[in-house]
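Please keep the three-dimensional view open while reading the points.

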Amino acid sequence: MRALLVQPEFPISYWGIQYGLPIIGTKVSLPPLGLISLAALLPASWQLRLVDLNAGPLTKADLDWAEVVLTGGMHIQSDSTQQVIAQAQARRRLTVVGGPGPTTAADQYAGADVLFLGEAEGRIEELLQAIREWSGKPLVLEAGDEHPDLSLAPVPRFDLLKLADYASVSVQYSRGCPFLCEFCDIIEIFGRKPRVKSAAQVLSELAELHRLGWRSSVFFVDDNFIGHKRAVKKLLPQMAEWQAQHGHPFELYTEASVNLAGDFGLMDGMVAAGFSQVFVGIESPSQAALEECHKGQNLHIDLNESIDRMARRGLEVMGGFIVGFDSDPDDIFEQQSRFITHNAIPLAMIGFLNALPGTALWRRLDGEGRLRPGWTGDQLERPNFIPLMNERQLIEGYRRLVEEVYSPAAYYARCRAFLERAPARFSRRKFQFSELPIAVRALFHMSVRSPWRREFWRLMATMLKRNPQSLGWVMAHAIQGEHLIRYTREDLLPRLDAALAALPNDIGERRTAARRQPPAAVRPRRPGPRSPHPV
Ligand code: SF4
């Protein structure tokens, strides 16, 4: 069997680093881990070809070669996924669609020949049989009630990737999270009992990347890397030993809940293993908002101290922030801005609260009659429900917030403030000689061509004075900043202006109407999109 694996396109976003990638000569921020994990489960006798639409086009020759086309991904990729399905079917190729988007919003992918919902481990025979015996009628292979044991997961087929296209690569250690955040679909898709791979599996994946020549950053895509603390604590020393034996080839980053800051041993173990950044769902400095969304792990804890503690031990916090909670006061935007600045968080992912179908939030808002149809999955556009705050005020406040946070002066000031806190050497990865051309190109761009080169030089001065070992960090953050600043100015702000211009004049009345809705009712779970970074 000849199988074509197609990664649909992501629209430009904060996460994609699209404006920064050309500076370092790569095309995509992360590879399609889901597809190469599925590829590893397919029969060894199958011929496989991978096309990542974020790196290059899908050609007629690819489709003519294939007997079956496997595609899918997150809800934010749904438009591109639909195009892949249409192109494949136009050439009479069998289409199989899966991933978190279709799993939670199957009705939106009804055009696929075979919908493969849920996780693939332990169910591959079911899929193979469906492909072999497909009758010509659309078929849905439902996810089972049980989540698979991750010991069944083989090493993903990293060899199918053109590694030079990617700024970073991804691996996965665990699925599931024990917490109860109201807006999170991870606990709906993967459950609340974290499942982990063995240390041997993780080391095999790192070894395979090393064998293929990868020597850069590796993203552990786990939604909460420390969800199973006991297991992680056993894994980390083995990872540290592996990194030391191989000359620290990988700089690691991941996502984790904020209770990480309460465990010094765990933080030190992560740093020793090579982690230097962790994405944490801070969500809001407002206690009322955290209570509203059941983010219990962020309550009764000093968030400022937690972030500072992680930074001083060598873990830079990338923060997730949300505006648009029912309890948000009018000055929430200024509160958020002060919090991000005070805590020296260079990368702050700020979005509107949105209800992902299938979540507790979706069920509550559905019960209150506040959901809007036709959401694209983009958390940076207007909310997909009627907010309690006047919507014009909400979008204008959000606009002010992102414009302020991603002004060049504010972004670089946070970078400088972080460097002042970070330990003298917070990255163990050694500079590779092969990286020299990229470093020279990036240095030339940031120091000569960039419109905010003055800010870059100020950051370099801080680095030389306070943390001279962190040139790599400075370059990476300058490139990241190039994207964050340009994306905000050239894409996000114009979109928000368009959203404001399109708001109906009676938007104030809608707020009153929303407040008059009856209390939440329990509704059946509905499918929907998956948030890329929900921790
Ligand atoms: S948002 Fe993060 S911490 Fe909360 S339940 Fe989801 S994965 Fe867990």
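The numbered points below treat the domains, the sheet, the nonpolar cores and some individual residues.

1. The structure under discussion is a predicted model. Every value in this note should be read with that in mind.

2. Domains. The domain assignment of the protein gives two parts: domain 1, covering 2-141, and domain 2, covering 168-535. Between their C-alpha centres the separation is 26 Å. The two domains touch each other, with 28 residues of domain 1 in contact with 45 residues of domain 2.

3. The sheet. Six strands form an open sheet, and their order is β2-β1-β3-β4-β5-β6, with parallel pairing. At the edges stand β2 (47-52) and β6 (139-141), each of which pairs on one side only. On average, neighbouring strands are turned by 20° against each other, if direction is ignored. As background, strands of a sheet pair through backbone hydrogen bonds, in either a parallel or an antiparallel arrangement.

4. The largest nonpolar core. In soluble globular proteins, nonpolar side chains tend to be buried together. Here the largest nonpolar core has 131 residues, and those with the most contacts inside it are Phe220, Phe225, Met239, Leu260, Phe275 and Met310. The greatest contribution to this core comes from helix α19 (residues 471-502), which gives 13 residues. Both domains take part, since at least three residues are drawn from each of domain 1 (2-141) and domain 2 (168-535).

5. Phe275 and the second core. Which residues are in contact with Phe275, apart from its neighbours within four places in sequence? They are Phe220, Phe225, Leu236, Met239, Leu252, Tyr253, Thr254, Met270, Gly314 and Leu315. There is also a second, separate core of 18 residues, which includes Cys181, Ile186, Ala289 and Leu361.

6. Leu266. This residue lies in helix α10 (residues 264-273). Leu266 counts as buried because its relative accessible area is 0%, which is under the limit of 20%. Not counting residues up to four places away in sequence, Leu266 touches Ile226, Lys229, Val232, Lys233, Leu236 and Leu260.

7. Is Glu208 buried or exposed? Its relative accessibility is 17%, so Glu208 counts as buried, the limit being under 20%. Glu208 is placed in helix α8 (residues 199-211) and, beyond residues up to four places away in sequence, touches Val155 and Phe158. Arg91, found in the loop between α4 (78-90) and β4, counts as partly exposed at 29% relative accessibility. Leaving aside neighbours within four places in sequence, Arg91 is in contact with Lys60, Leu63 and Asp64. Arg91 and Asp64 are 27 residues apart along the chain, while 7.3 Å separates their C-alpha atoms.

8. Positive phi values. Most residues other than glycine have a negative phi. Glu283 is not a glycine, yet has a positive phi of about 70°. This residue is found in strand β12 (residues 275-283) and is buried, with a relative accessible area of 3%. Ala344, also a residue other than glycine, has a positive phi near 50°. Ala344 belongs to the loop between α13 (332-342) and β14 (348-352), and is buried with a relative accessible area of 3%.

9. Cysteines. A disulfide is a covalent bond between the sulfur atoms of two cysteines. How many disulfides does a search of the whole structure find? The search finds zero. Cys181 counts as buried at 7% relative accessibility, and Cys415 counts as buried at 0%.

Conventions:
Residues are numbered from 1 along each chain as its sequence is written. This is a predicted model: local features need pLDDT of at least 70, side-chain atom pairs count only at pLDDT 80 or more; totals for chains, interfaces and linings use all residues. Side-chain values use heavy atoms; hydrogens and water are left out. A nonpolar core is a set of buried Ala, Val, Leu, Ile, Met, Phe, Trp, Tyr and Cys residues joined through side-chain atoms within 4.5 Å. Buried means under 20% relative accessible area, exposed over 50%, partly exposed in between (1.4 Å probe, protein chains only). Helices (H or I, at least four residues) and strands (E, at least two) are DSSP runs, numbered from the N terminus. Domain bounds come from an automatic or database domain assignment. Contact means heavy atoms within 4.5 Å. Two strands pair if DSSP finds at least two bridges between them. Axes are lines fitted to C-alpha atoms, for helices over the stretch in contact, and angles run from 0 to 180 degrees between N-to-C directions. A disulfide is a pair of cysteine sulfur atoms within 2.5 Å.
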